[in-house]
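Dear colleague,

Please find below the sequence and structure that I am handing over to you. A short account of the findings follows.

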Amino acid sequence: MNIVDHYLAGLHQALPPEPLAELALASGASAAQLASLRQAYPLCPDSLLRLLGQYNGTYYQKYAGGTVLVYMLGSDVFEYPYYLSSVEQILKDGLANQRSIAEIYGHYLEEDPGIVDARIDAGVRQGERLCFSHCMNNGGSSRLYVDFTPAASGKVGQVVRFLHDPDSYLVIADSFDAYLHMLIDDGYAFLTDENFE
């Protein structure tokens with residue numbers, strides 16, 4: 001079983017009945033949509049494409065059977081579950097985020113170097129990273145990225161978590177596959193009862 005099928009099998013077991021039924025309304029991105037994502041991000045992980053091929057987004061995503069709003073992902077910040085962005089949302093995020101971390105924070109990076117993990121190149125335009133997920137309040141507090149242009153100590157394809165207030169950018173996995181393994185090993189801890197009340 002590949003990592004995506006393994007992840008989804010566990011997710012389906014962990015989700016409460018109502019969001020699980022809602023998720024059943026979703027369908028995957030088309031071959032043309034996936035090709036457009038690969039064109040924009042040539043190093044997009046195969047496992048992310050496979051996941052999007054199953055579910056093309058879960059944040060107020062409209063499908064033939066209805067609108068889907070379901071938490072599918074997590075991070076190292078367990079109180080924040082995350083939605084999977086659709087191909088369209090990913091491409092829109094990429095075009096909208098033209099500034100680098102260094103430009104956004106300016107001199108604050110010198111005053112607080114802990115804002116950015118040393119494995120992340122703060123000079124790279126944010127849109128060059130693939131933003132595949134926003135947290136439960138639609139990204140205002142946290143977002144997840146696949147980073148293709150890391151600093152020298154980083155790895156191409158590493159997963160970066162942005163967290164707001166206090167702001168920080170941290171590498172939470174060396175690859176998207178490793179990220180999914182992390183969530184499996186954590187027992188889908190982001191699916192807490194509090195997040196479904």
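**Tyr179 and its surroundings**

A polar atom of the Tyr179 side chain lies 2.6 Å from the backbone oxygen of Gly74. This is a predicted model, in which local features need pLDDT of at least 70 and side-chain atom pairs count only at pLDDT 80 or more, while totals for chains, interfaces and linings use all residues. Residues are numbered from 1 along each chain as its sequence is written, and side-chain values use heavy atoms, with hydrogens and water left out.

Tyr179 belongs to helix α8 (helices are DSSP runs of H or I with at least four residues, strands are runs of E with at least two, and both are numbered from the N terminus). Tyr179 is buried, with a relative accessible area of 0% (buried means under 20%, with a 1.4 Å probe and protein chains only). Beyond neighbours within four places in sequence, its contacts (heavy atoms within 4.5 Å) include Leu73, Phe132 and Ile172.

The largest nonpolar core has 47 residues, and Tyr179 and Phe132 are among those with the most contacts inside it. Such a core is a set of buried Ala, Val, Leu, Ile, Met, Phe, Trp, Tyr and Cys residues joined through side-chain atoms within 4.5 Å. Helix α8 (residues 176–185) gives the largest share of this core, 6 residues. A second, separate core of 13 residues includes Val116 and Val171.

Strand β7 (residues 168–173) is largely enclosed by the rest of the structure, because 5 of its 6 residues are buried. Strands β6 (residues 158–163) and β7 pair in the antiparallel sense over 5 bridges (pairing requires at least two DSSP bridges).

With kind regards

How values were computed
Buried means under 20% relative accessible area, exposed over 50%, partly exposed in between (1.4 Å probe, protein chains only). A polar contact is a pair of N or O atoms within 3.5 Å; within protein, one must be able to donate a hydrogen and the other to accept it, and residues adjacent in sequence count only if both atoms are side-chain atoms.
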